[in-house]
Structure formats: C-alpha cells, structure tokens
Amino acid sequence: MRKDRDLKLQDYNISPNRYRELKYFCKQYREKQLQLRSITELSSPGFDSNGGGNKISDRTGNTALRRLQLEKELEIIEQSAMEAGNEFYPYILNNVVDGVRYEHLEVPMSRRAFFRMKLKFFGILSTKK
C-alpha cells in the first residue's frame, strides 16, 4: 500500500495542515453526492424532541438547508477543478476525489503539467472554501 505524500503548496500560501484539510474535503466528494441523492424526505413540521415545549422543528427547512450546503460544497470542488484544468477537469477530479494515480488516468499531458494543474486546483479551492 502506497503512502500519499503531501503536496508542497507554499507558493499558494497553503500550509501542510490546510492542504490536508482540502485534500480530505475532496475525498468526501462521493459521500456528499450520495447524501445529496438520499435527501428526498420532505415532510411537514414535527415537534422538537429537546423538551423545549412549544418549539416546532422544521424538518423540511432543515432538509432544504442541508441540500443547499451539500450542493455548494460539491460545486466548490467542481468549479475549482474546471478553473484549474478547463477540459482536463475530469482528470483532476478522478485524482483528488478518487485517488486515481496519474499513471492510471491516461491524461493527454505530461506528469509535470498535470501536477502544476493540480497545485493550481488546490490554490483555487483554498480561496473558494
């Protein structure tokens, strides 16, 4: 099992800890897609179980807010990849989201160019997130 090395992103003012935060944010992409697909429950308001008496919990509103949050997070990743790679953004997504190595992506560009594009992606993602 190979160990992923951290990228050096000092040129983008991204610390190693910030890079790891962004990296694992991207690794949650598929989970967020599944959660978004599974949120179909829109129902009438129920009572809050916090024992607050007359408080009403708005499950429909909470569900809508969660959907918006998930959509926004997915869009941030996708838009960052598009800005960094134009037509090559699917390769960036496969690499940062699914961990597919450069050698297995069949990217029509050099390894060095791909990794420059990947560094640019993390720079853009850091400013958007």
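Student: Is Asp 11 buried or exposed?
Tutor: Asp 11 counts as exposed, because its relative accessibility is 77% and the cut-off for exposed is over 50%. Keep in mind that this is a predicted model.

Student: Where is Asp 11 found?
Tutor: Asp 11 sits in the segment before H1.

Student: And how far apart are Asp 11 and Lys 120 in space?
Tutor: Their C-alpha atoms are 9.9 Å apart, while in sequence the two are 109 residues apart.

Student: Switching to Asn 95: buried or exposed?
Tutor: Asn 95 is buried, because its relative accessible area is 7% and buried means under 20%. Asn 95 lies in helix H4.

Student: What does Asn 95 touch, leaving out residues up to four places away in sequence?
Tutor: Asn 95 touches Val 100, Arg 101, Tyr 102, Leu 105, Phe 114 and Lys 118.

Student: How far is Asn 95 from Cys 26?
Tutor: Asn 95 and Cys 26 are 69 residues apart in sequence, and 9.9 Å apart from C-alpha to C-alpha.

Student: OK, now the largest nonpolar core. Which residues touch the most other members?
Tutor: Out of 30 residues in that core, they are Ile 77, Ile 92, Phe 114, Phe 121, Phe 122 and Leu 125.

Student: Which elements give two or more residues to this core?
Tutor: Those are helices H1 (16-27), H2 (29-38), H3 (59-85), H4 (89-98), H5 (102-105) and H6 (111-128).

Student: Take Leu 125 then. What is Leu 125 in contact with, aside from neighbours within four places in sequence?
Tutor: Leu 125 is in contact with Leu 22, Phe 25 and Cys 26, and also with Ile 76, Ile 77 and Ser 80.

Technical notes:
Residues numbered from 1 in each chain as written. Predicted model: local features only at pLDDT ≥ 70, side-chain atom pairs only at ≥ 80, totals over all residues. Heavy atoms only, no water. Core = buried A, V, L, I, M, F, W, Y, C linked by side-chain atoms within 4.5 Å. Buried < 20%, exposed > 50% of the residue type's maximum accessible area, 1.4 Å probe, protein only. Helix = DSSP H or I, 4+ residues; strand = E, 2+ residues; numbered from the N terminus. Contact = heavy atoms within 4.5 Å.
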